[in-house]
Amino acid sequence: MSLLSRITINPEQCGGRPCIRGMRMRVKDLLDLLAAGVSQEDILHDYPYLEKADIQAVLEFAAAQSDHVMLRAG
């Protein structure tokens, strides 16, 4: 089951960047934390308004965004 409905995009919020459930927590902010090695448990502790499904939704969103064909000019 897709969790992408947890990712919202509102041109009036965070410059139109993807956020989590309409909050001012950007997808990129959460990805940066994960990339820095912060555990999911620590993230959920530090940001009690987030849910485990939010982290899963961000990872699903990032995976979908990375699935683009790359063309080389040449």
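User: Which residue does D32 form a salt bridge with, and how far apart are the closest N and O atoms?

Analyst: D32 pairs with K28, and the closest N and O atoms are 2.8 Å apart. A salt bridge here is a side-chain nitrogen of Lys or Arg within 4 Å of a carboxyl oxygen of Asp or Glu. Bear in mind that this is a predicted model, where local features need pLDDT of at least 70, side-chain atom pairs count only at pLDDT 80 or more, and totals for chains, interfaces and linings use all residues. Residues are numbered from 1 along each chain as its sequence is written, and side-chain values use heavy atoms, with hydrogens and water left out.

User: Where do D32 and K28 sit relative to each other in the helix?

Analyst: They are four residues apart in helix α1, so about one helical turn separates them. Helices are DSSP runs of H or I with at least four residues, strands are runs of E with at least two, and both are numbered from the N terminus.

User: How many salt bridges does the structure hold?

Analyst: There are six salt bridges. One of them joins R26 and D29, with the closest N and O atoms 2.7 Å apart. R26 is partly exposed at 23%, and D29 is partly exposed at 24%.

User: What about R6, which side chain does it meet?

Analyst: R6 meets D54 in a salt bridge at 2.5 Å, N to O. That pair links distant parts of the chain, with R6 in the segment before β1 and D54 in helix α3, 48 residues apart. R6 counts as buried at 18% relative accessibility, and D54 counts as buried at 0%.

User: Which residues of α3 are buried, and what do they pack against?

Analyst: The buried ones are A53, D54, I55, A57, V58 and F61. They pack against β1, β2, α1 (27-35) and α2 (40-46), where contact means heavy atoms within 4.5 Å.

User: Switching topic: where is Q13 found, and is it buried or exposed?

Analyst: Q13 is in the loop between β1 (7-8) and β2 (19-20), and counts as buried at 9% relative accessibility. The Q13 side chain reaches the backbone oxygen of M23 at 3.1 Å. Leaving aside residues up to four places away in sequence, Q13 touches C19, G22, M23 and R24.

User: Last one: which residues form the aromatic pair?

Analyst: The structure holds one aromatic pair, and Y47 and Y49 form it edge-to-face, 6.1 Å centre to centre with 80° between the planes. Rings of Phe, Tyr and Trp (its six-membered ring) pair if their centres lie within 6.5 Å; planes under 30 degrees apart count as stacked, over 60 as edge-to-face and the rest as tilted. Y47 is partly exposed at 27%, and Y49 is partly exposed at 42%.

Notes. Buried < 20%, exposed > 50% of the residue type's maximum accessible area, 1.4 Å probe, protein only. Polar contact = N/O pair within 3.5 Å; in protein donor to acceptor, adjacent residues only side chain to side chain.
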